[in-house]
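Subject: Structure handover

Hello,

Here is the structure for your files. My notes on the salt bridges and on one helix pair follow below it.

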Amino acid sequence: MNELIPHRGNYKNLLSYRKADVIYQITFFFCDRFLNKGDRTVDQMVQAARSGKQNIIEGCSASNTSSKTEIKLLNVAKASLKELLEDYEDFLKTRNFRQWEKGSVEFEKMRELGSNHNEPEFFMNLIQTRPPETIANMAIILINQADYLLFRQLERASRDFLEKGGFTERMYNLRQDRRRNPPAGTNSSDNRTP
């Protein structure tokens, strides 16, 4: 294991990423099927969904060398999904559709599905025959779940930074440790310049 740049795992294994990928695919389908092609909302919704997913990827990729960048990008992902949430809620309001209330049968069933499934194929099969009101409500619940997952991920990233420090601190500590304990077979005087 590299002490300086630890491998933190594959972003594709993160629940936040997998949920964001589902949200992106549902949003692309929803906009293509139910919104007018020239409507600016289409681009905004698709871009917000894409930004949510892509910033998780970028944040995870940066996490090895910059906790600050990781936290910033995860927060951008969270903000993008909040923007998308508002677009779905506006869709329901402006068309006099009902937003599922917490505790309603539909809400609780979808929350359970969202908790148990993170595969795009599962949800894409589910939405093929659903009306726009249902798909918008499904997306709202999934976005809220992704928001919670990102909140927890941000908490973890912040806690890791406070406990373990950042890249610069790791570099400094490793150099100090190497100077105090040179590898076997090396002489510290060998490293001096003439």
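A salt bridge here is a side-chain nitrogen of Lys or Arg within 4 Å of a carboxyl oxygen of Asp or Glu. Please keep in mind that the model is predicted.

Salt bridges

The structure holds nine salt bridges. One of them is formed by the side chains of glutamate 70 and arginine 156, with an N to O distance of 3.4 Å. This pair links distant parts of the chain, its residues being 86 apart: glutamate 70 belongs to helix α3 (residues 67-94) and arginine 156 to helix α6 (residues 132-164). Are the two partners buried or exposed? Glutamate 70 counts as buried because its relative accessibility is 2%, and buried means under 20%. Arginine 156, with a relative accessible area of 27%, is partly exposed.

Another salt bridge joins the side chains of arginine 98 and glutamate 101, at 2.9 Å from N to O. Arginine 98 is partly exposed at a relative accessible area of 33%, and glutamate 101 is partly exposed at 41%.

In helix α4 (residues 105-116), arginine 111 and glutamate 108 lie three residues apart, about one turn of the helix. Their side chains meet in a salt bridge with an N to O distance of 2.8 Å. Relative accessible areas are 32% for arginine 111, which is partly exposed, and 28% for glutamate 108, also partly exposed.

Packing of α2 and α3

Helix α2 (residues 40-62) packs with α3 at an angle of about 160°, and the axes are 8 Å apart. Angles over 145 degrees count as roughly antiparallel, so α2 and α3 are roughly antiparallel to each other. Their crossing is left-handed.

Which residues of α2 and α3 meet? On the α2 side they include Gln44, Met45, Ala48, Ala49, Gly52, Ile56 and Gly59. On the α3 side they include Glu70, Leu73, Leu74, Ala77, Leu81, Leu84 and Tyr88. By class, this contact of α2 with α3 has 12 nonpolar, seven polar and four charged residues.

Regards

Terms used: Residues are numbered from 1 along each chain as its sequence is written. This is a predicted model: local features need pLDDT of at least 70, side-chain atom pairs count only at pLDDT 80 or more; totals for chains, interfaces and linings use all residues. Side-chain values use heavy atoms; hydrogens and water are left out. Helices (H or I, at least four residues) and strands (E, at least two) are DSSP runs, numbered from the N terminus. Buried means under 20% relative accessible area, exposed over 50%, partly exposed in between (1.4 Å probe, protein chains only). Axes are lines fitted to C-alpha atoms, for helices over the stretch in contact, and angles run from 0 to 180 degrees between N-to-C directions. Angles under 35 degrees count as roughly parallel, over 145 as roughly antiparallel, 65 to 115 as roughly perpendicular and the rest as oblique. A crossing is left-handed if the near helix is turned anticlockwise from the far one by less than a right angle, and right-handed if clockwise. Contact means heavy atoms within 4.5 Å. Ala, Val, Leu, Ile, Met, Phe, Trp, Tyr, Cys and Pro count as nonpolar, Asp, Glu, Lys and Arg as charged, and the others, Gly among them, as polar.
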